[in-house]
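Visitor: I would like to learn how to read a few features of a structure, one at a time. Please give the general idea and then the case at hand.

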Protein chains: 2
Amino acid sequence: MLALTRGDPSGIGPELALKAWLALHEEPAAPAFFIIADAEHLGALAARFAMPVPIAICDPSEAASIFPKALPVVAISEKVQGRLSQPDVADASGTLRSIETAAALVQAGQATGLVTNPIAKEVLQRAGFAHQGHTEFLGKLAQRLFGNHLPDETVRPVMLLWSPELAVVPATIHVPLAQVPKLVTFELLVETGRIVAQDYARRFAHAAPRLAFTGLNPHAGESGRMGREEIDIIAPAIAELRRQGIDARGPFPADTLFHAAARARYDVAIAMYHDQALIPIKTLAFETAVNVTLGLPFVRTSPDHGTAFDIAAEGKADPSSLIAALRLAARLAQTEAAQSRAA
Amino acid sequence: MLALTRGDPSGIGPELALKAWLALHEEPAAPAFFIIADAEHLGALAARFAMPVPIAICDPSEAASIFPKALPVVAISEKVQGRLSQPDVADASGTLRSIETAAALVQAGQATGLVTNPIAKEVLQRAGFAHQGHTEFLGKLAQRLFGNHLPDETVRPVMLLWSPELAVVPATIHVPLAQVPKLVTFELLVETGRIVAQDYARRFAHAAPRLAFTGLNPHAGESGRMGREEIDIIAPAIAELRRQGIDARGPFPADTLFHAAARARYDVAIAMYHDQALIPIKTLAFETAVNVTLGLPFVRTSPDHGTAFDIAAEGKADPSSLIAALRLAARLAQTEAAQSRAA
C-alpha cells in the first residue's frame, strides 16, 4: 500500500488522484494507494468533474481491502480553503500535514512507499515554510523520523528522473547556471555516484549499475581545450568511484549521450546540471517521466510536473505521470522488500 | 550542382562521398554534387571497400551530365599523403584547397551551394591554420570573395542544427560553460535572431519564422529566483526583435521546449549554449541532423559529425547525415533561386 499526498489542493494533484484511482482500481496487481487528504474536498471534486469515484475514509490498515471498490482516504483535520486555480496560504498547513503524515505512516510500516503530488513552494513559503523544496523537506523529515536507525551518514536526497527510455540524475539542480561550475565538486560527484549505486542495488535490484557521467563543457572539454573541469574534477571523481568498486564511466560529451544506441551502454546518466539532465528526459518521455528521490530511508516518487494552477479548474489534467510514479514506487518497494527477505 | 569538399582524407569524408553517390546517382531529382579532391585517392578507396563507384575527373560545368554515370571529381593537385585513421599534417594544404576552391566556384556561379565534409582542426592547426573552426574559416573566405557585393554588415556565421523534427541555433558554441553567462549579451541575441529570421525568409521560404528563445537558467530563472539573465538580457533582446517585426518568443524553460507538442509551437529554437541546443537535436535525430551555416552569402551545410578517425579504416561509416546535408543544401539553394527570380 502506497501513501499518496494531496499536494496543493488548488492545483491538479487531487484531480490526478481521482483519475489514477479510476485507471488502476480494477487492475489485478495495481499499485494500490491511499491518499492523505480532506475527504469532503475530494468528494466535491469528483462530483464537479463528474468522475464516478466513491470516497471512503479509512484507517491505513483497511486501505488495501477498500481500494478495489473506493478511493481510500486517510483523513486530515485541515479543510481545504482555496479554490481550484486560486491557491490559498490557509491550505499550507494541510499540505504539509499530508506529507508529514505520509512519512510517519511509512516509518510505522503502514505504507510501503510515498508518492507526492505537486506543491507550490511560493505558497508554502508565505506560510513560513523554510525548506528549499519538497525533496529537502522530506530529507529533514526522514532525518527526524528515521535518524536513530540510520547509519552515521546524514540523509542526502538525490533526484533521479526515471522513464523506461532513460534514467538521469542532475548533480546540481535548482541553481543559476553561472553557479554550476563552482558547485560541481569532487565530493558532490563521488557522493552522488555512491548514493545512486547503493539505491540501484537496493531498490532496482541492480547490483552493479553502469553510471555514465557527462562532461560539464561542450564535447566534455575536448582534452582541456574548452574547460578543465573534466580533467580536474569529473575524471578524478569517476576514478574514485571505480576504486570503490562502482562501475562509473566518462566523462562523456553530453550531446551524444542520449540517443538510443548511447543509452543502451549505461543504466543511469549523471549530468552536471538541471537542463543537461532534464532536456533529454523531457524530450524523450514528457508525459511519463517520474521523479524518484534516492538517498532517503524510504521509497519516494512523484510526477514530473508542477501544480499546473492554470489548468486546475478545467478537469483536463493528464494523470500519466502520477500513474507512472505509483507504478514505479510499488515496484521499488517490492524490490526492496524482496531483497530484505533474501538477506 | 553542389560542391562537396573532401574534408580530412584520413577520416570518413571521402568514404561518405562514395556512399552518398551510390545512394543518390539514380534518383531522378537527386541533389547532384561534385567533390573537390584527389581523384586517384577516391578510386583507390572505392577499390579498397569494393564500392562500384566510377570516378570521372571533370570541369564543374560538366558535372551535371556526368553525375548519373560517375562521381564527378574536380581535381586538386595535392595528392593525399595520410593513411586512413592516421591523419597527416601534409594533407592540410589539400584539405584547405578543397574548401577554398568550393567557395570560389560558388562565387563564380559554378556551384549552387557548398557541402563540407569534416575536418580535424588539430591537424590543420599544426600546419598553421589560425581560424577557430570550419565555419569561421568560411566566414573569412566569404568576406574575401563576396566582400564587394555585400551590404555594409560583415559576415557573421550562425550555426543552425536542422532535422525534420527540430531546428535549433546555439547562441554561443565552443566555449567553456563557465564563460557562457558572460558571453550571452543583448547584442549577440538580437544579431542571432535577426540573421536567423533573414535566412529563414531567404532560404527556407518562411517569411515570418517563429523563434523560441530558451532561458539560460533552470525554469528560465523562475522570475529571477534562479538567475537574472532572462530578465536583464534575454527578454529585452526578444522585445527588440519584436520591435523589428520578428516573431521572437520566450524565454522559455529549456527542459520543456523540445517534446513534440512544444516543438509544434515554433519554427526555430534559439538556445543559449552548446549542450542546450545539441542535446535535444542529437537525442531526437542522431543520424540525420544537418549543420547549416546561416549568415553567409551562400548556402552551406555539413553532416553533424566529425572525422571519426577511429572507424575510418573499416568502411562502415553511415552516410545518412551527409546525404541529409546534400538534400537540404539543394533545397535551400533552389528556394533562394526561386525567391530571387520572383523578386
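Visitor: With which residue does Arg225(A) form a salt bridge, and how far apart are the closest N and O atoms?

Guide: Side chains of opposite charge can pair when their charged atoms come close. Bear in mind that this is a predicted model. Here Arg225(A) pairs with Glu222(A) in a salt bridge, with 3.4 Å between the closest N and O atoms. Glu222(A) is partly exposed, its relative accessible area being 22%.

Visitor: Which parts of the chain does the salt bridge between Glu27(B) and Arg327(B) link?

Guide: The side chains of Glu27(B) and Arg327(B) meet at 2.7 Å, N to O. This pair links distant parts of the chain, 300 residues apart. Glu27(B) lies in the loop between helix H1 (13-24) and strand S2 (33-37) of chain B, and Arg327(B) lies in helix H12 (residues 320-342) of chain B. Glu27(B) is partly exposed at 28% relative accessible area, and Arg327(B) is partly exposed at 39%. As for networks, salt bridges that share partners join Asp199(A), Arg202(A), Arg203(A) and Glu336(A) into one.

Visitor: How many salt bridges are there over all chains?

Guide: The search of the whole structure finds 37. One of them, in chain A, is between Lys79(A) and Glu40(A), with the closest N and O atoms 3.9 Å apart. That pair also links distant parts of its chain, 39 residues apart. Lys79(A) is in the loop between strand S4 (71-75) and helix H4 (92-107), whereas Glu40(A) is in helix H2 (residues 39-48). Lys79(A) counts as partly exposed at 41% relative accessibility, and Glu40(A) counts as exposed at 60%.

Visitor: Turning to the two copies, what rotation and shift superpose chain B on chain A?

Guide: Two copies of a chain are related by a rotation about an axis and a shift along it. In this model the rotation is 180 degrees and the shift along the axis is 0.0 Å, with an RMSD of 0.0 Å. That is the relation of a two-fold axis.

Visitor: How many residues does each chain give to the contact?

Guide: Chain A gives 33 residues and chain B gives 33 residues. The copies meet through the same surface, because 100% of the interface residues of chain B are also interface residues in chain A. Between them the chains bury about 2,900 Å², of which 68% is on carbon and sulfur atoms. Leu177(B), Asp255(B) and Ile279(B) supply 22% of the area that chain B buries against chain A, more than any other three residues.

Visitor: Where does Asp255(B) lie, and is it buried or exposed?

Guide: Asp255(B) lies in the loop between strand S9 (248-252) and helix H10 (260-263) of chain B. At 2% relative accessibility, Asp255(B) counts as buried, because the cut-off is under 20%. Leaving aside neighbours within four places in sequence, Asp255(B) is in contact with His274(A), Asp275(A), Leu278(A), Ile279(A) and Lys282(A).

Visitor: How many salt bridges cross the interface of chain B and chain A?

Guide: The rule finds two across that interface. Asp255(B) forms a salt bridge with Lys282(A), where the closest N and O atoms are 3.6 Å apart. Eight residue pairs are in polar contact across the interface.

Visitor: Which elements give two or more residues to the side of chain B that touches chain A?

Guide: They are helix H7 (180-183) and helix H11 (274-284) of chain B. H11(B) provides the largest share of that side, nine residues. Ten of the eleven residues of H11(B) are buried, so this helix is largely enclosed by the rest of the structure. Among the buried residues of H11(B) are His274(B), Leu278(B), Ile279(B) and Lys282(B). The buried residues of H11(B) pack against helix H11 (274-284) of chain A, and also against strands S6 (158-162), S7 (167-170), S8 (211-214) and S10 (268-271) of chain B.

Visitor: How many disulfides are found over all chains?

Guide: A disulfide is a covalent bond between the sulfur atoms of two cysteines. The search of the whole structure finds zero disulfides. As for individual cysteines, Cys58(A) is buried, with a relative accessible area of 10%, and Cys58(B) counts as buried at 10%.

Methods:
Residues numbered from 1 in each chain as written. Chains lettered and ligands numbered in written order. Predicted model: local features only at pLDDT ≥ 70, side-chain atom pairs only at ≥ 80, totals over all residues. Heavy atoms only, no water. Disulfide = S-S within 2.5 Å. Buried < 20%, exposed > 50% of the residue type's maximum accessible area, 1.4 Å probe, protein only. Least-squares fit on C-alpha atoms with pLDDT ≥ 70 in both. Contact = heavy atoms within 4.5 Å. Buried area = accessible area lost by both parts, 1.4 Å probe. Salt bridge = Lys/Arg side-chain N within 4 Å of Asp/Glu carboxyl O. Polar contact = N/O pair within 3.5 Å; in protein donor to acceptor, adjacent residues only side chain to side chain. Helix = DSSP H or I, 4+ residues; strand = E, 2+ residues; numbered from the N terminus.
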